[in-house]
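Please read it alongside the sequence and the structure shown here.

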Amino acid sequence: MPIDPYELIRLGRSGLELTRLGFGTAPLGGMYEAVSDEHADAVLAHAWALGIRYYDGAPIYGYGLAERRLGRLLAGKPRGAFVLSTKIGKLLYPVDEVSAHPEWDRDWQKSPDGTTNDWIWRGVPDVRPVFDFSRDGVLRSVEASLERTGLDRLDILWIHDPDSHWEQAIGSAYPALADLRSQGVVSAIGAGMNQAEMLARFAREGDFDAFMCAGRYTLLDQVALDELLPICVEKGIAVVIAGPMNSGLLADPSPDSHFNYAPPPAMWLEKALRLKAVCERHGVPLRAAALQFVCAHPAVAAVAAGVRTIEHLDDTVAMIGVPIPDELWDELRAEGLLAAEAPTPKAALVA
C-alpha cells in the first residue's frame, strides 16, 4: 500500500493536522552553499503546488533567511491551510555585538578539521546565533520569528538543540512555551534535536505534544527505538522525523557524503553501502526504503525532508511511492541491518 505524502495526519493530542511529507528549509537557508531568493521562492512555490502543507524553519537556518523565505510563500495563503513549525533557543545578533560579548554562549558551527567558524551557512546575513533558553529569550525569539515570517501566529515551537542547556531548557524555556500554548499563541510545543536521549528525558519530565528527531531514527541509525519512540507511543506524543537521509549518506553513500553534517565515519559508510546493496538486489532505490521506513512507526506523524532543488523535491515525492517488496525488509533484518523491533511498512499494514 503506497504512502500518500499529502495525507493529513493529526499531530498527537494537538488539534493540528499536517501532511505526511513536510518541507525542511535548512538547505534553502544556505546550508553548505548559497541559495538565491529567486531559487528558494521557486522551490517553495513548487512544494505548495504539489500539495505539501507542513513547513519547518528555524532562526538559525540561513540566520533568518529560511523564515523570511517561508513568509513570502505563505503570505496571503489561508492561515488554516498550512502548518508551520519553527524553533526557539538561538537568538540572532549582529556580528560586532557578538564579538563584543565573548562571554555569550554562541552556537558555533565547527568545521570538519575542528576549527571553529561558520562553514555550514553560506550567503547569509551578517548576524550570528547565541544560545538563550530563558523565558525572555523564548519571547524574543517568537517575536522575531513572527516578524521574519510576517504571520500573526505560529503552529509548533521546538526547543532547538539544548544539548548543553538542559536546566535552562526544562526550567525556563519549557514553562514559557507551556504558557504560550495555554494562551493560544501556539498550538503545539516540543523539542527538536539530533539526539534521542534528551528528547526521551523531555518526554518523561514535561507535557509535550511532539518532538522533532533528526537523524536518530533512520534506516541507518535506529537508536530512538531504545527509549524515545516507546515512551512517545505510551504518552501519545507525536514525532516528526527530520534528516531521514542522515545528512545525505543514505541518499548517496560515499566518502564525499555527509553524516551528522560532517564526513561519514567508516562504520556508518560501510553500513550505508550494505543497505544500498540489499536494496539494489530487490530493485529498490535506497532513498525509497529510507523514506518509507521511518513512516511505518506508529509514533511518527510526518517526515520533514530538506531539499534544495525542484528536482530533489520531485524525487522525494516519487521515492515515497515506490513499491517495496516485503522480502526487502526481511533481508535487512536477516543481515542485521534493521533492529528486530523496528516496524516496517509490511508490519504496519499487517497490524
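Leaving aside neighbours within four places in sequence, Arg216 is in contact (heavy atoms within 4.5 Å) with Asn194, Gln195, Ala196, Asp221, Gln222, Val223, Ala224, Asn246, Phe259 and Asn260. The model is predicted: local features need pLDDT of at least 70, side-chain atom pairs count only at pLDDT 80 or more, and totals for chains, interfaces and linings use all residues. Residues are numbered from 1 along each chain as its sequence is written, and side-chain values use heavy atoms, with hydrogens and water left out.

**Confidence**

- The average pLDDT of the chain is 94, and 95% of the residues score at least 70; pLDDT is the predictor's confidence in each residue, from 0 to 100.
- Over residues 347-351 pLDDT stays under 50, and the model has two contacts beyond four places in sequence for this stretch.

**Loop residues**

- Arg216 lies in the loop between β12 and α7; helices (H or I, at least four residues) and strands (E, at least two) are DSSP runs, numbered from the N terminus.
- Arg216 counts as buried because its relative accessibility is 7%; buried means under 20% relative accessible area, exposed over 50%, and partly exposed in between (1.4 Å probe, protein chains only).
- Tyr63, in the loop between β4 (54-56) and α2, has 3% relative accessibility and therefore counts as buried.
- Between Tyr63 and Leu91 there are 9.3 Å from C-alpha to C-alpha, with the two residues 28 apart in sequence.
- Pro265 sits in the loop between β13 (238-242) and α8 (266-281).
- With a relative accessible area of 37%, Pro265 is partly exposed.
- A separation of 28 Å lies between the C-alpha atoms of Pro265 and Ile159, which are 106 residues apart along the chain.

- Two packed helices are described by the angle between their axes and the distance between the axes.
- Axes are lines fitted to C-alpha atoms, for helices over the stretch in contact, and angles run from 0 to 180 degrees between N-to-C directions.
- Helix α1 (residues 37-50) packs with helix α2 (residues 65-74) at about 50°, and their axes are 10 Å apart.
- This angle makes α1 oblique to α2; angles under 35 degrees count as roughly parallel, over 145 as roughly antiparallel, 65 to 115 as roughly perpendicular, and the rest as oblique.
- The α1 and α2 crossing is right-handed; a crossing is left-handed if the near helix is turned anticlockwise from the far one by less than a right angle, and right-handed if clockwise.
- From α1, Asp37, Ala40, Asp41, Leu44, Ala45 and Trp48 meet Arg69, Leu70, Arg72, Leu73 and Leu74 of α2.
- The contact of α1 with α2 comprises seven nonpolar, no polar and four charged residues; Ala, Val, Leu, Ile, Met, Phe, Trp, Tyr, Cys and Pro count as nonpolar, Asp, Glu, Lys and Arg as charged, and the others, Gly among them, as polar.

**Packing of α4 with α5**

- Helix α4 (residues 135-149) and α5 also meet at an angle of about 50°, with 8 Å between their axes.
- α4 is thus oblique to α5, and their crossing is right-handed.
- Arg135, Val138, Leu139 and Val142 in α4 face contacts with Ser172, Ala173, Pro175, Ala176, Leu177, Asp179 and Leu180 in α5.
- By class, eight residues of the contact of α4 with α5 are nonpolar, one is polar and two are charged.

**Packing of α8 with α11**

- α8 and helix α11 (residues 326-334) pack at about 145°, their axes 10 Å apart, in a right-handed crossing.
- Leu275, Val278, Cys279 and Arg281 of α8 meet Leu328, Glu331 and Leu332 of α11.
- The contact of α8 with α11 has five nonpolar, no polar and two charged residues.

**Buried helix residues**

- α2 is mostly covered, with eight of its 10 residues buried: Leu65, Ala66, Glu67, Arg69, Leu70, Gly71, Leu73 and Leu74.
- These buried residues of α2 pack against α1, β4, β5 (83-88) and α4.
- Gly76, with a positive phi near 85°, follows α2.
- Helix α6 (residues 197-205) buries Met198, Leu199, Ala200, Phe202 and Ala203.
- The cover over the buried residues of α6 includes β10 (156-160), α5 (166-182), β11 (188-193), β12 (210-214) and α7 (228-235).
- In helix α9 (residues 286-295), which is mostly covered, nine of 10 residues are buried, among them Leu286, Phe293 and Cys295.
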